[in-house]
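Subject: Structure handover

Hi,

Here is the structure for your files. My notes follow below it.

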Amino acid sequence: MNARDLPQGMAPVAFTLNGRPVEAAPGESILKVAQRVGIAIPHLCHKDGLRSPGNCRACVVEVAGERVLAPSCCRAPQPGMAVNTDSPRAAAAQKTVLELLLADAPDTTALKHDSELAHWAGVASARPERFPARSQPFVGYNGPAAGPPQGGAAPSGGSDPLPAVERGGRDTSHPAMTVNLDACIQCTRCIRACRETQGNDVLGLAFRGGHAQIVFDQNDPMGASTCVACGECVQACPTGAIAPANGAYAKASQQRVDSVCPFCGVGCQMTYHVSNGKIEHVEGKAGPANEGRLCVKGRFGFDYAHSPERLTRPLIRRADVPKDPASVMQRDWRELFREATWDEALDAAATGLRRAMASTPARGRLGPVAGFGSAKGTNEEAYLFQKLIRSAFGTHNVDHCTRLCHASSVAALMEGLGSAVVTNPLRDVVHADLVLIIGANPAQNHPVGATWIKNAIRQRGMKLVLIDPRRTELARQAWKHLGFKAGTDVALLNALLHTIIFEGLANTAYVEQHTLDFALLKAHVADFSPEAMAPVCGIDAATLREVARAYATAQSAMILWGMGISQHTHGTDNARCLIALSLITGQIGRPGTGLHPLRGQNNVQGASDAGLIPMVLPDYHRVSEPAAREKAERLWGVPAGTLGSEPGLTVVEIVNAAYDGQIRAMLIQGENPAMSDPDAHHAREALARLDHLVVQDIFLTETASLADVVLPATAWPEKTGSVTNTDRCVQLGRKAVPAPGEARADAWITEQLARRLGLGWAYDVAPDGTAGADAGHGIGAVFEEMRALMPSIAGLSWARLQREGAVTYPVDNESDPGRPVVFTDRFPTPTGRATLVPAALTPPAETPDADYPLVLITGRQLEHWHTGSMTRRSQVLDAVEPGPVVSLHPETAARLGLVAGEAAQVRSRRGGVALAVRFDAGMPRDTAFIPFAYAEAAANLLTNPALDPVGKIAELKYCAVDVRPMKTN
């Protein structure tokens, strides 16, 4: 770093390093300066991104005039200081430290081919035989263990408490990671990674003197500890003492490919390590959303792409096999389908779609064909899919999973702010004084995002308000946890609004300049005092007032929410309240403020931006706008009037229309409505009634089992394309491995169908998922056409995206760096102001009664995602959470005669499932929680399809159920 690189007003620190003049930034360590100028200093406890404690002493240097050597990783230079990194005294000390460590360690390159200990030992010419090994025994789990010294061979047999824990410190009790304590040098990088980066507090250093060792929780085996398998310790360990259980660190990978995680909406960047066309392991990359961090899914869930259950050839349904909704559990495709060539399958797919159009004349929203696109693919794939449905069939009957997650949030944001995007990136929590999380469980659903929240609490004292009926993981770090009665969100939020307005805490200057209808809102919430709402929501009035005051008076406060807010018949009203809270306090338009609905899938934001919604075209131009339709028609080369002005049907409406015989054919790309739709019995029957169903997917999902034609697609690591995370950051995913068999990229499949349906598409998308050489062909051409319809990314060319890898929109031109924070001065509405919309208090569509006395809440688990089609085919993820459970408060379970681990029957008015009981003291009483990733106990067989009247989203987060022990003969 030179003086010109420093922030204005900061003077560089001039000193000499090995006799040469250098400059350091204030606070920069000697080690970092040395690395920058090309001087190598051995170091082991230091790792970029972690606090440097200076405890290994491998990096000591000699400072002129000082009696003792200084650890360069945590020593900042002073003006005029003279530092020598390779003086005889410093070099001898560095070498001695390394030789002492080598004496106790095995050959660490057998565990980690690029062992840092071995590397620095080679650089320093350190000799492992110089010192004798210690004879201290490994201190076993839950007590000292007699046996061989560290590094000795583990005995066969024995009486260890866990067979997976061997004497000598080898622990294989976890399916994702193996621990080899004999290779541990106690640098504590794993502890700092666990505690300070991920905020999980699992790893520690226990015992004393020569018995000191790394432990998990209270000296438990890793597999029995509270470890969430984020693998941050694996990525931090310099010797392989903690390493992937599959042994992938033992040899160098043949290829490294940078990409983006295919799971949640955080959008973590990652590096695939590939050998012989197979992903061996994954490391976090320093992307804008994660800075190298990953969760268990991102780090260990990659092997779904290599599952033997992958679809590898096109399939056509056997003529003698009817569509039986019960066949969704059929895993053997040979009983349902026959293999076909690509030409045969594509011809059959297109013929069936054309036949449906010819047999039933289009009637606006009730046109006979509909499409479900995917939020798990690329932006280009989503764009092409919605273009195909609209161009080939003249209908807006195209939707995707946003309808089942944040449709009500989108509706409220469009109504209030004129835009549905998040106002601030998730990492802005590090700038907030207070963060309010409601209806979301980031520690489970957005784990890397949760690390930034935990960091802000520990490092800055940020106050966290967690509002959720369940006491989830973040509750222990929260300033306040408001465990309100499920379904009473509006009552609670209106009480907060009442307090802010009637205690004079509103930001009147901001309200007058930037909002409309404040008087209307004030009149509406007059009757919602905390004292009146406390009996309704179950939170005492004093707490409601305290939280409202803290939010209103914070210098910067941010709101995060998830599907616990949106998946209700009053979901739009819930979001209206959150928007009003932000606006009346002026907590918007600045770093550390704003509104952030957490996106659940990796590209739900991008798919929505690309127009995969029935009422809008790309970039949220409403289909009712003549200019927007005309622009799309010209760009797409279709006759004027092809695009109608009437919005299409939404996901649940399409399923209902299919059930009623009004939708006759469907094209489904990477979605699984037989699992994800509410009242799944009804959805499966509706899909079975279709005359023609075409499914593009990577597995024979429950939905694909009902198809007439199944087209094998590529998984995320097998193609190149852009993806947009929850922060509005457009990132580039790159092809890392070849697809199996004859699987083809979704974009290629869509283009081939378009040509057979009479559309003259000429993108020439590559069938193998590669991007092509330039923006004129393939995926690059699709991206360039897409941005021509999307002002939000007008300044983001395909060439720029390939060059920079990540850009946050809106981005107006090629020199625009992008805007992480929006609405800094005005809103994208005709008046430039936001509208405050009052929210009425309405009960859930279905409430408990004598027959169904409990409330059911559904959601995700840390290890599994969406309908489980990918994560349950990952060996590690399925091993950690192998089966479905219903979580209940222990007191509720005892009252119902339920025993932990035993089977229970859960019934609603729509169906029933059997699954094991799990006790969870964080659950509210008389409430059950079921994850929705398990086909054998699909939660959505129970859920209520009642819709929010505005967002058209189903009430997946609330229905009445009965839970009782399974009857035994």
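What share of the 969 residues in the chain is buried? Buried residues make up 62% of them, where buried means under 20% relative accessible area with a 1.4 Å probe, protein chains only.

First, the ground rules. This is a predicted model: local features need pLDDT of at least 70, side-chain atom pairs count only at pLDDT 80 or more, and totals for chains, interfaces and linings use all residues. Residues are numbered from 1 along each chain as its sequence is written, and side-chain values use heavy atoms, leaving out hydrogens and water.

Overall fold. The chain has 28 helices and 41 strands (DSSP runs numbered from the N terminus; helices are H or I, at least four residues, and strands are E, at least two). Its radius of gyration is 29 Å, close to the 30 Å of the globule rule for 969 residues, so the chain is as compact as a globular protein of that length (taken over C-alpha atoms; the rule is 2.2 Å times the number of residues to the power 0.38). The C-alpha atoms fill a box of roughly 90 × 70 × 65 Å along the principal axes.

Contacts (heavy atoms within 4.5 Å). Of those between residues at least 6 apart in sequence, 70% join residues at least 24 apart.

Three strands form an open, antiparallel sheet in the order E12-E13-E14 (strands pair if DSSP finds at least two bridges between them). Strands E12 (255-260) and E14 (278-284) are the edges, each pairing on one side only. E12 and E13 (residues 269-275) pair over six bridges. Ser 259 has Met 270 in E13 as its bridge partner.

Best wishes

Definitions and conventions:
Buried < 20%, exposed > 50% of the residue type's maximum accessible area, 1.4 Å probe, protein only.
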